[in-house]
Amino acid sequence: MTTASPPRTPPAVLPGPNDVCWCGSGTKYKKCHRGADAVEARKKGPEVARKGIRPGLISPRRDVPLHIPRPDYAATGRPQRRATGSEIRSPDVIARMRRACKAAAEVLQEVSTHVRPGITTDELDAITHEAYIRRGGYPSTLNYHGFPKSLCTSVNEVICHGIPDNRALEDGDIVNLDITIFLDGVHGDCSATYFVGNVDAESQRLVQVTRECLDLGIAAVKPGRPISDIGRAIESHATKNGMSVVRAYCGHGIGETFHTSLQIPHYYEPECDTVMEPGMIFTVEPMINQGGWGHRTWDDGWTAVTADGTRSAQFEHTLLVTDTGADILTVA
């Protein structure tokens with residue numbers, strides 16, 4: 001007579017659809033416990049009544065003290081066109097980028113400590129705005145092509161460019177905070193996705209995989225290699241985990257201009273054959289969806305959400321290409 005094995009419980013981070021199931025059956029997760037785990041997850045908390053994000057009330061634009069240096073679009077909302085030139089940055093620009101990117105990382109670290117159920121994204125914007133000013137910086141997003149706020153707050157199914165408003169964060173949400181500061185005449189850019197209270201296992205896994213996608217994208221930065229290597233590494237990992245890479249938005253060159261003509265797709269695009277060279281500075285900022293990669297844009301012209309309503313996460317760093325790989329500039 002054999003004794004039945006005690007029932008096993010799912011781990012905090014669930015396996016990918018094509019990974020072996022956590023239960024020990026030897027079967028792929030998607031063919032074994034994935035459905036049952038999803039049912040149990042819906043029973044546990046606020047996600048049982050999960051609603052799509054809706055536009056809230058947007059407060060007036062915040063003022064920036066006159067002594068703070070401004071980018072060229074601060075008053076008009078229209079960045080000046082600049083002649084296309086080399087993406088290789090001078091030692092002076094690199095030194096200034098290090099300061100601006102360090103400041104951006106510090107601001108992100110500071111505002112992230114305020115993420116909690118009940119705080120509004122507009123309150124987070126106010127905290128971020130003041131953090132920029134204390135460092136002598138201008139909020140790069142403020143009036144960039146008319147964007148009304150100092151921070152992008154992208155909640156749940158919002159992929160990017162969410163406008164802070166009076167909606168309070170709820171237990172179970174995830175939120176991306178996208179920070180860019182204009183300091184010493186250059187822009188430093190970074191973002192990360194955070195949990196709000198108790199978050200379901202599938203959302204935790206989405207955020208973990210997205211962070212891994214960023215790390216793999218950074219590891220693919222090598223002088224002499226094409227930009228397409230970055231997207232190849234990211235898309236491979238996302239796909240392996242049953243997720244998709246947003247195609248409508250990408251990383252970008254950055255420096256004295258917020259967005260240069262250099263684009264960094266996060267999916268494999270073989271035609272992106274620009275060779276990485278020491279001295280290049282650009283962002284890698286994969287946006288990963290639980291479902292399909294399609295998106296739609298709200299009537300505000302900014303807020304991009306997943307077409308199928310599934311959640312999306314993002315992480316971002318600004319990188320300097322070196323002789324051996326990548327130097328992450330956005331570290332506090």
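The largest nonpolar core here has 67 residues, and I179, I230 and F282 have the most contacts inside it. A nonpolar core means a set of buried Ala, Val, Leu, Ile, Met, Phe, Trp, Tyr and Cys residues joined through side-chain atoms within 4.5 Å. Please keep in mind that this is a predicted model: local features need pLDDT of at least 70, side-chain atom pairs count only at pLDDT 80 or more, and totals for chains, interfaces and linings use all residues. Residues are numbered from 1 along each chain as its sequence is written, and side-chain values use heavy atoms, with hydrogens and water left out.

**The nonpolar cores**

- Helices (H or I, at least four residues) and strands (E, at least two) are DSSP runs, numbered from the N terminus.
- Helix 2 gives the most to this core, with ten residues.
- Leaving aside residues up to four places away in sequence, I230 touches G217, A220, V221, I264, M276, F282 and V284; contact means heavy atoms within 4.5 Å.
- There is also a second, separate core of seven residues, with V64, I68, I133 and F182 among them.
- As a general point, nonpolar side chains in soluble globular proteins tend to be buried together.

- Three strands form an open sheet in the order 9-14-15, with antiparallel pairing; two strands pair if DSSP finds at least two bridges between them.
- The edges are strand 9 and strand 15 (326-328), each with a single partner strand, so one side of each has no neighbour in the sheet.
- From one strand to the next, the twist averages 40°.
- Strand 9 and strand 14 are joined in the antiparallel sense over four bridges, and T283 stands opposite T318 in strand 14.
- Helix 4 lies across strand 9, strand 14 and strand 15, and runs at about 15° to strand 14.

**Helix 4 against helix 5**

- Helix 4 and helix 5 pack at an angle of about 155°, with their axes 8 Å apart.
- Axes are lines fitted to C-alpha atoms, for helices over the stretch in contact, and angles run from 0 to 180 degrees between N-to-C directions.
- The angle makes helix 4 roughly antiparallel to helix 5 (under 35 degrees counts as roughly parallel, over 145 as roughly antiparallel, 65 to 115 as roughly perpendicular and the rest as oblique).
- On the helix 4 side the contact is made by V209, E212, C213, L216 and G217, and on the helix 5 side by I230, A233, I234, H237 and A238.

**Loop residues worth a look**

- N156 sits in the loop between strand 2 (152-155) and strand 3 (158-160), and has a positive phi of about 55° although it is not a glycine.
- N156 is buried, with a relative accessible area of 2%; buried means under 20% relative accessible area, exposed over 50%, and partly exposed in between (1.4 Å probe, protein chains only).
- H161, in the loop between strand 3 and strand 4, is not a glycine either and has a positive phi of about 65°.
- H161 is partly exposed, with a relative accessible area of 24%.

**Before helix 1**

- V20 lies in the segment before helix 1 (34-44), and counts as exposed at 54% relative accessibility.
- V20 and C32 are twelve residues apart along the chain, and their C-alpha atoms are separated by 9.0 Å.
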